[in-house]
Amino acid sequence: MQTGRQRPPEPVARLLPEPARRTAAWCAVVLLVAGVAWVGIRLCVEFKTAVVPVLLALLATGLLRPVHLALRRAKVQQSLSAGLTCALILVVVGGAGYVVVRALIDTGDEIVASVKQAVKDLSEHFGTRVIDLNNLAGNAQDLIKKYGGSAASGVINGLSIAGEIAAMAVLALLLSFFFLRDAGRFRRALRQAAPGPGGETLEAIARRAFAAISGFMRGTTLIALIDATFIGVGLLVLRVPGAVGLAALVFVGAYIPYLGAFISGAVAILVALADRGFVIAAWALAVVLAVQVLEGHVLQPLIQSRTVQMHPAAVLLALTAGASVAGILGMLLAVPLTAAAFGVVNELRARYAGGGGADAGVVSRETGTETGGGGVGGGGPGQGFGPGS
């Protein structure tokens, strides 16, 4: 009988080739991240009354933070500066909302009638069946009479929703005040939340995310204003009815990238087609396309390239996910939140992918971009999360 030493059993990990082990490890990481993200999204949906005001306050703070910093440089007291900035937020948001709603109310009926006529003309031209809107309205009235109790309940629910929206708006305004006034405290709290160099990393991540949100809000607002002005002037020159309301629709649609521009431009072209004919509609199409080309090739690279760099596919996926989670509000919040997530990923990659450790890069408070080594928090106040206080 042959006697010899028995070979020890191979470890289980050694039974799999290296590519398979790496793939399994990455799958585990992806599943873990996806699970945590799903739980986070579900919690945000459940506590949307508290989460939405925080997000809106961050967007408003990112938009008008330079005003607060300018007042601070003018030696205005911290609380007074934050209060004046919040008053400006109220004036800007309320004034813009009033102008947009007023323009849509004044020209809304005309725009809707023109769109109906355009759809009818196109349907007759291509031989498709047109929906009888009058019968549809009559059926709706019959349903209201039949289910009057449900309609009354819907009114009560509508009032409840309106009250909830008003409460969230007030909370968002108050949170904006605290974000502006106590930004330095938030920054110190982030430093103290993690021990050692982890505090600096956490602060840098917050700076990069906030810089991305600020860049998106300021850039999108400026681009929306330019787009609405150019398209509105073009429609006025072409004597398209409801040009002011259509310009307001373009301004609002700019906050939903790609999809908003497509819808607002299509409405403008349909109105021109119904009321001014094919030639004017072609000119309206040329105006819309020219403005979109100007935005895509000049305004976007010039205004948003330093802080927000996202592929169109990522933007469209973010819009779809936001719409599925929270409807129109989710579509409005999806892109800035995605920009913040991209900023966080870029910050982590800059710090750890190259093995540079915590000092691999510094987030500039002005642009949210890296300025070199030497720690976090250098430079003057700007877009970063909190001025020196």
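**Helices meeting and helix faces**

Going from the N terminus, the elements of the protein chain run α-α-α-α-α-α-α-α-α-α. This is a predicted model, with 10 helices and zero strands in the protein chain.

Me: What makes up the contact of H2 with H10, by class?
Reply: From H2 come Val52, Leu55, Leu56 and Leu59, and they meet Leu329, Leu333, Pro336 and Leu337 in H10. Val, Leu and Pro count as nonpolar, and the tally for this contact is eight nonpolar, no polar and no charged residues.

Me: How do you know that the buried residues of H6 line one face of the helix?
Reply: Start with the buried ones in helix H6 (residues 183-193): Ala183, Gly184 and Arg187. Seen down the axis of H6, they fall within an arc of 105 degrees, so they line one face. Turned away from that buried side is a face with the exposed residues Arg185, Gln192 and Ala193.

Me: What share of the 389 residues in the protein chain is buried?
Reply: Buried means under 20% relative accessible area, and 34% of the residues in the protein chain are buried.

Technical notes:
Residues are numbered from 1 along each chain as its sequence is written. This is a predicted model: local features need pLDDT of at least 70, side-chain atom pairs count only at pLDDT 80 or more; totals for chains, interfaces and linings use all residues. Side-chain values use heavy atoms; hydrogens and water are left out. Contact means heavy atoms within 4.5 Å. Helices (H or I, at least four residues) and strands (E, at least two) are DSSP runs, numbered from the N terminus. Buried means under 20% relative accessible area, exposed over 50%, partly exposed in between (1.4 Å probe, protein chains only). The arc is that of the directions from the helix axis to the C-beta atoms.
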